[in-house]
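Thanks for making time for this.

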Amino acid sequence: MTTTAHDELLAGFAEVFMPTYAPTLAIDHGVGCTVVDVDGRRYLDLIGGIAVSALGHAHPAIVDAVCGQVRRIAHTSNLYAHAPGVALARRLIELAAPDGDARVFLANSGAEANEAAIKLARKVAGPARPVFVAAEQAFHGRTLGALALTAKPAFREPFAPFGLEVRFVPYGDVDALSRAVTGQVGAVVLEPILGEAGVIVPPDGYLRAAREICDRAGAALIIDEIQTGIGRTGTWFAYQREGIRPDILTLAKGLGGGLPIGACIGFGRYATGFAKGDHGSTFGANPIACAAALAVLQTIADDDLLGHVAAVGDRLRAGITGLGHPAIAEVRGRGLLIGIALRDLPAPAVEAACRRAGFLVNAIAPHTIRLAPPLIVSAAEVDRFITALPGILEEVVGS
């Protein structure tokens, strides 16, 4: 058997990295929504680095922003202010809090953004309200604080106990949430859509009910938009569909368009809950990542990508549903965050068959495939996947 560059790179990965990941593809480069592996095979990227590559690959706006910022200055630490950081925080406040009653902390990742949110909520709540409420099946990250809020046993159990008391409630169940939020609860933490659980969409009004429950109990509402934010569902933030405002909002993934950056935004009294020295990050608010994020936000606005996401997302869901294929049990999601629930077929086998056919998707649950393509994916590209999907599923059925 001939050993390819692809095989050699994957073997090298296994030799030198801790066995926390097992990649199945060695990518060389990407353009738009297409990536090319080290042997020259091309794939339509329908997972976008797990909802990170908002503008696809090598987008000129990000390339120009990053190159221009590197030429000026790459890092300052937080001992000094810089223009891209101030401009990014100002823009995020404009998008999330038009009245300006908000402040931003910039981190390197979603998990770090959630760690900031946990500390901020705990500090404002005080020691009399030490309890957090989170949803069953939720995913908030793998650092210890974020992991305490993450319900998946396989992720949690090897690392328990945690330093937070967390009550888990069924996602989408308003009555269960209301019963759990007592006077001991400092914060409720919710995702607008459960991404890692298989793209689970709650009933309409769930976040609005959560807002009302938190208001009655005096608890903070933390909305984790690390996966759903920055246009992924067709609005800047998914919570905006329900006409509410959280007390704390966390962002990451698509914000940097491929550059590592996260944000924790506090509203109202949570805007100024931290004092000097309460929290920090050496690399957070890095000028290059901030410049990239500004380019992402500007391009989404200039190119009306929110409207595009809504339209092409509807087209993709309707097209897959319209196949009427017996192996597809359900198509769910919003915008360009889509879950394809499979009837009996193992999702990893479907993911592998998609890859052989030139499409990158993600087996997010034993019988669910997740799609989170770049926000720029075209109607023709999603049509190409819809057309190919029946043959892919038939290959797995017959294997």
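What you see is a predicted model, in which local features need pLDDT of at least 70 and side-chain atom pairs count only at pLDDT 80 or more, while totals for chains, interfaces and linings use all residues. Residues are numbered from 1 along each chain as its sequence is written, and side-chain values use heavy atoms, with hydrogens and water left out.

Let me begin with the largest pocket, which holds about 1800 Å³ of space. A pocket here is an open set of points on a 1 Å grid over the protein atoms alone, where a 1.4 Å probe fits and protein lies on both sides within 12 Å along at least five of seven lines, and lining residues have an atom within 4 Å of a point; the volume is the space filled by probe spheres set on the points, which are joined across faces, edges and corners. The lining comprises 50 residues, and Tyr-21, Gly-49, Ile-50, Asn-362 and Arg-370 are the closest to the centre. Among the elements that give two or more residues are α2 (48-51), α5 (110-125) and α12 (347-356), but β14 gives the most, with four residues. Helices (H or I, at least four residues) and strands (E, at least two) are DSSP runs, numbered from the N terminus.

The second largest pocket has a volume of about 840 Å³. Of its 30 lining residues, those closest to the centre are Asn-78, Val-104, Phe-105, Leu-106 and His-279, and α4 supplies the largest share of the lining, five residues.

Turning to the cores, a nonpolar core is a set of buried Ala, Val, Leu, Ile, Met, Phe, Trp, Tyr and Cys residues joined through side-chain atoms within 4.5 Å, where buried means under 20% relative accessible area with a 1.4 Å probe, protein chains only. The largest has 91 residues, of which Leu-177, Ile-320, Ile-340, Leu-371 and Phe-385 touch the most other members, and helix α10 (residues 287-302) contributes the largest share, eight residues. A second, separate core of 23 residues includes Phe-155 and Ile-222.

Finally, where does Thr-76 lie? Thr-76 sits in the loop between α3 (60-72) and α4, and it counts as buried because its relative accessible area is 13%. Leaving aside residues up to four places away in sequence, Thr-76 touches His-82 and Pro-287, contact meaning heavy atoms within 4.5 Å.

Notes. Buried < 20%, exposed > 50% of the residue type's maximum accessible area, 1.4 Å probe, protein only.
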